[in-house]
Amino acid sequence: MIPLLKVQMSEEAPAAVARVLTSGMIGQGPVVDEFEQALRERIGNPHVATVNSGTAGLHLALRLATDPAGTGTGEAGGEVLTTPLTMVATNWTILANGLRPRWVDVDPATLNVDLDDLARKITPATRAIMVVHFAGYPVDLARLSGILDEAEALYGFRPLVIEDCAHAWGSTYRGEPLGNHGNIAVFSFQAVKHFTTGDGGLMVLPTPELNERARRLRWFGIDRDSPGRGLTRDDIPEWGYKFHMNDINASIGLANLARTDEVVRRYRENAAFFDRELASADGVELTERAPDRQPSFWAYPLLVSGKDAFVKHMTQAGITVSQVHERNDHHGALRPYMSLLPGLEEVVERMVCVPVGWWLSDEERLHIVDTIKAGW
Ligand SMILES: Cc1ncc(COP(=O)(O)O)c(C=O)c1O
């Protein structure tokens, strides 16, 4: 079977891990520092904080966004506008912060939040906005910022936006890598992402203040960047989590970082091939391609007619396909927040992702195209 997702691991990684394991320091130490410096340069933003998963980064980001005074109690009852089409991790972090998800409908053209619906749903109860760049296709961040300008003028309050960039390592919006658009951006370095550290995540912050707070709260609220590096006599004014990355994961990250451009390039080449070959294929519709966005295509989504038959047809041809993430709003844990979402209904009826990653040979990607063109 051609897999839908696959681990990309540098040949240098085992030796890099071995060096850390025998160094006498396996916690958060010099390798994390080195990794963070490389990430700052790569993203072009000095405010970065590695964490031990994307989920941890989203959890901490929501704390920063919804508890600005640092009371540590959260603001139970506040609303977070969010998408139901994502890995449940995105929305569990809302519940874990004592907040209420309010669903924004999904735009079938992009699989991201429908920004018209988002504009309608911002109210004075909105504490934060969570968006996911689905399959690496960037949300229209300039339009989102314009909607927030209007909301701020009306309500006198501007909710922070958290960009879940778990699918979107390497994606750019208006020529800049994600993480440079005035919001909190959170990447995942989980096993099957473009770029893995085994498990891990990255927060990219819009201000030095948020960065300082994120770096403190990721490790119990203790400031490891201070000269005393958090000696126990220092007061801890605000409690934090055990969300920091360690040197073992950072060493895997450093080894893999060297190849990520090449890896992302291959995803994009395969996607461009599919764009060309499938543009006029019967029974499939491609998602949007706006000229101001360069997606990294963690998956290649299609809207198909007869989805069940399509999945069977592709599976029989040895190609793994799936929707990747089930709709979240029907899970028992989220049922109290249900609402009518016609865009999402259309998407779950028709959306399916096909393999697009670095592991596809030229023959395999042609096989995918030919199988689709043969009909189902
Ligand atoms: C959209 C999305 N958000 C968040 C996460 C959570 O990331 P992690 O597994 O690094 O905690 C994932 C993970 O697969 C994801 O796909």
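The protein splits into domain 1 (13-257) and domain 2 (261-373), with bounds taken from an automatic or database domain assignment. Before going further: this is a predicted model, where local features need pLDDT of at least 70, side-chain atom pairs count only at pLDDT 80 or more, and totals for chains, interfaces and linings use all residues. Residues are numbered from 1 along each chain as its sequence is written, and side-chain values use heavy atoms, with hydrogens and water left out.

Taken over C-alpha atoms, the centres of domain 1 and domain 2 are 26 Å apart. How many residues of each domain are in contact with the other? The count is 38 residues of domain 1 and 38 residues of domain 2, where contact means heavy atoms within 4.5 Å. Together the two domains bury about 3,200 Å², of which 62% is on carbon and sulfur atoms. Buried area here is the accessible area (1.4 Å probe) that two parts lose on being put together, summed over both. Trp103, Tyr137 and His194 supply 21% of the area domain 1 buries against domain 2, more than any other three residues.

On polar terms, 20 residue pairs are in polar contact across the interface of domain 1 and domain 2, both residues at pLDDT 80 or more. A polar contact is a pair of N or O atoms within 3.5 Å; within protein, one must be able to donate a hydrogen and the other to accept it, and residues adjacent in sequence count only if both atoms are side-chain atoms. On the side of domain 1 that touches domain 2, helix H4 (88-96), strand S3 (100-103) and strand S6 (172-173) each supply at least two residues. Helices (H or I, at least four residues) and strands (E, at least two) are DSSP runs, numbered from the N terminus. H4 gives the largest share of that side, four residues. By class, that side of domain 1 has 22 nonpolar, nine polar and seven charged residues. For the classes, Ala, Val, Leu, Ile, Met, Phe, Trp, Tyr, Cys and Pro count as nonpolar, Asp, Glu, Lys and Arg as charged, and the others, Gly among them, as polar.

**Charged pairs**

Side chains of opposite charge can pair when their charged atoms come close. The structure holds 30 salt bridges, each being a side-chain nitrogen of Lys or Arg within 4 Å of a carboxyl oxygen of Asp or Glu. Between domain 1 and domain 2 the count is three.

Asp292 is partly exposed, at a relative accessible area of 22%, while Arg293 counts as buried at 12%. The cut-offs are under 20% relative accessible area for buried, over 50% for exposed, and partly exposed in between (1.4 Å probe, protein chains only).

Asp117 and Lys121 form a salt bridge with closest N and O atoms 2.8 Å apart. Why are they about one helical turn apart? Because they sit four residues apart in helix H5 (residues 115-121). Asp117 and Lys121 are both buried.

Arg158 pairs with Glu152 at 3.0 Å between the closest N and O atoms. Arg158 is partly exposed at 32%, and Glu152 is partly exposed at 35%. There is also a network of salt bridges linking Arg63, Asp67, Glu212, Arg213, Arg216 and Glu238.

**Single residues**

Is Asn328 buried or exposed? At 1% relative accessibility, Asn328 counts as buried, and it is found in the loop between H10 and H11. Its side chain reaches the backbone oxygen of Thr86 at 2.9 Å. Beyond its neighbours within four places in sequence, Asn328 is in contact with residues including Pro84, Met87, Asn91 and Trp103.

Thr66, in helix H3 (residues 54-66), is buried at 2%. A polar atom of the Thr66 side chain lies 2.7 Å from the backbone oxygen of Leu62. Leu154, in helix H6 (residues 141-155), is exposed at 63%.

Last, helix H11 (residues 342-350): Gly343, Leu344, Val347, Val348 and Arg350 are buried there. The buried residues of H11 pack against strand S10 (284-286), strand S12 (300-304), helix H10 (307-316) and strand S13 (351-354).
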